[in-house]
Amino acid sequence: MIATVVQLILRRLLAAIPILLVVSALLFGVLRALPVDPAAMSLPPNATIAEIEAKRREMGLDRPLPEQYVIWLRGALHGDFGQSIQLRRDAGSLVAATLPATIQLAVAAMVLAGLLGFGGGLLLFRVRGTVLEPVGDLFSIVLLSIPEFLWGLILLFVFGVVLRVLPFTGQVAPGLPVPHITGFLLLDSLLIGRLDVFASACRHLILPAVALGLAFSPTIMRVLRSSLFDVYHEDYITQARLRGLSERKILLGHALKNAALPTITLAGVQFGILFSGTLLVEVIYSYPGMGNLMVDAVRNADLPLIQTIGLTYCVVVLLINTTVDTLYVILNPKLRVR
Amino acid sequence: MRGPLGRALHSPRVLIALGMIACIGGCALFAGIIAPHDPGEQNLLSILSPPAWSAGGDSGFPLGTDSLGRDVLSRLIYGARTAMLVALFASLGAMIIGSVLAHIAGYFGGALDWIIGRLVDVWMSFPPVILSLILMVGLGVGLSKVILAIVLVDWTRFCRVLRSEVMIVTRNDYVAAARLLGFTHWQTIVREVLPATLPLLITLVSLEMAIAVVVEAILSFVGLGVGADQPAWGQMIADARQYVYQSPSNLLFPIVAIFLTVTAFNLLGDGLRRTLDVRLTEIGR
């Protein structure tokens with residue numbers, strides 16, 4: 001069993017390598033095709049043409065494009081992603097400093113999306129055939145059509161501006177210390193024993209995480225409901241009913257277990273999409289993660305940084321999808337035999 | 001085709017959605033007549049004034065003014081023009097590229113199908129938001145650039161969903177019969193395959209319009225959308241976000257505008273999907 005799973009993971013990772021190579025080459029090509037000169041940008045505005053030429057040579061920009069790509073790829077494999085032009089710091093370490101905040105947000109949002117999705121899906125299924133069914137139907141369509149960008153703004157407006165119950169800027173109240181141990185603020189604040197920082201970080205996480213979670217829960221809701229419908233056509237449900245089990249026991253004890261598998265797979269795929277959705281939510285709530293770094297880099301045409309962040313998003317999404325595939329095999333006994 | 005489309009026009013969802021879209025489209029089309037002010041006109045003496053009905057409001061600015069004293073109502077109306085233009089042209093562009101490739105891949109199969117399939121795979125391994133931001137860096141700001149970026153990101157949505165539909169349609173006997181009658185490949189695709197995939201195509205276009213409106217708002221919000229001289233809902237949100245305590249209503253109006261537009265297009269898509277009997281298992285977001 002373990003050997004099969006390890007083999008499977010290895011095979012998936014191997015399959016991801018060519019995709020990553022093509023993606024990184026595309027990213028490199030697109031960004032190099034831009035009418036922006038990184039050499040001129042990294043020098044002060046009064047630099048002479050000769051100085052810019054010298055800088056171009058130093059940065060390897062005078063060589064043919066494929067050669068530049070190979071140089072960049074070699075550096076990237078050694079963890080050297082080049083210097084951010086705007087911030088004059090190593091692009092790799094800038095990403096490493098902001099990635100944990102983004103992961104923290106994505107995981108919190110995914111947990112919420114899962115809870116809301118499963119809860120809502122069970123509820124939608126329970127009201128089947130009653131007068132509430134069309135209401136629930138319409139409700140889930142409206143939910144489905146609101147993207148995280150709008151949720152972020154709506155929640156900010158209602159809870160931050162009108163009711164003023166929750167903070168909506170940054171990841172912790174100003175004035176409180178921000179410890180850097182693992183980069184995950186919730187964990188770090190506990191490690192230094194500051195419960196006030198932890199509480200503030202939790203409060204700051206609520207609105208962004210709920211906005212993102214709400215946007216991704218309706219898909220989970222609808223898939224759970226339709227797989228429950230499928231499961232209820234199976235013989236073992238009729239049999240359970242004949243044995244005199246209560247509806248509640250049939251739903252939670254028998255049907256849910258079998259309907260959960262396709263739902264979890266879908267939730268995994270959703271997690272990949274949700275991860276890139278953090279970008280917008282971060283910008284709306286000025287949350288100091290990778291998304292805000294990306295938008296700053298894009299505004300300043302900071303090519304090395306854009307390239308590094310872009311690649312990081314692709315790698316994380318690929319990793320999530322690989323993990324989901326593997327989990328699917330582990331969870332589904334039917335696939336294990338092969 | 002008359003049958004199913006006629007049926008669609010009797011669905012309440014489609015009718016309500018079309019009514020909403022007609023209102024927004026009317027604002028977009030006749031912005032110059034409806035809007036009380038020039039959307040770029042600055043009144044620095046009355047900045048961030050509240051809506052006319054609240055205390056301190058100015059009846060000259062029905063929904064108040066923004067941080068530069070520009071009339072919010074006029075900017076909302078002109079913003080509808082930006083949103084509708086993007087929705088229309090971006091979704092049509094993505095539809096054309098995506099469906100041409102889908103019909104080629106699904107109809108011919110084989111190596112062409114493989115190449116187009118891999119292209120879609122690689123394209124989709126970029127998260128859409130990231131890809132559109134990167135494209136905007138290269139293209140620069142402007143209405144046509146926003147449209148182009150959305151087309152370049154979203155053609156895969158059409159391609160992936162339509163390809164499998166084309167494959168199913170191509171297996172029908174009447175397609176083989178058309179070939180036996182001496183139709184060229186081109187004639188077969190246009191006269192026999194396309195009419196069968198059209199309901200799905202129309203549904204996808206209306207859903208894509210909703211996506212395009214949101215993406216345009218996002219890009220304008222980030223400052224990489226249409227130019228600063230062109231009013232857009234996303235820009236209004238970015239401006240209002242900075243002065244949210246002084247003038248919360250400025251944040252509310254563009255959100256409501258985007259919400260109504262997106263809901264209208266999604267409702268239309270949902271109504272069409274039901275009445276045209278389209279199998280749409282997974283579209284992705």
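I read along the sequence first: chain A follows the pattern α-α-α-α-α-α-α-α-α-α-α-α-α-α. The model is predicted, and local features need pLDDT of at least 70, side-chain atom pairs count only at pLDDT 80 or more, while totals for chains, interfaces and linings use all residues. Residues are numbered from 1 along each chain as its sequence is written, and chains are lettered from A and ligands numbered from 1 in the order in which they are written.

I looked up the totals for chain A and found 14 helices and 0 strands (DSSP runs numbered from the N terminus: helices are H or I, at least four residues; strands are E, at least two). The C-alpha atoms of chain A fill a box of roughly 90 × 55 × 40 Å along the principal axes.

I then took one helix pair. Helix α9 (residues 195-231) and helix α11 (residues 247-284) of chain A pack at about 155 degrees, with axes 8 Å apart (axes are lines fitted to C-alpha atoms over the stretch in contact; angles run from 0 to 180 degrees between N-to-C directions). That makes α9(A) roughly antiparallel to α11(A), the term for angles over 145 degrees.

I noted the contact residues (C-beta atoms, placed from the backbone, within 7 Å). On α9(A) they include P208(A), F216(A) and V231(A); on α11(A) they include N258(A), Q270(A) and V281(A). By class I recorded 17 nonpolar, 7 polar and no charged residues (Ala, Val, Leu, Ile, Met, Phe, Trp, Tyr, Cys and Pro are nonpolar; Asp, Glu, Lys and Arg charged; the others, Gly among them, polar).

Conventions:
Angles under 35 degrees count as roughly parallel, over 145 as roughly antiparallel, 65 to 115 as roughly perpendicular and the rest as oblique. Two residues are in contact if their C-beta atoms, placed from the backbone, lie within 7 Å.
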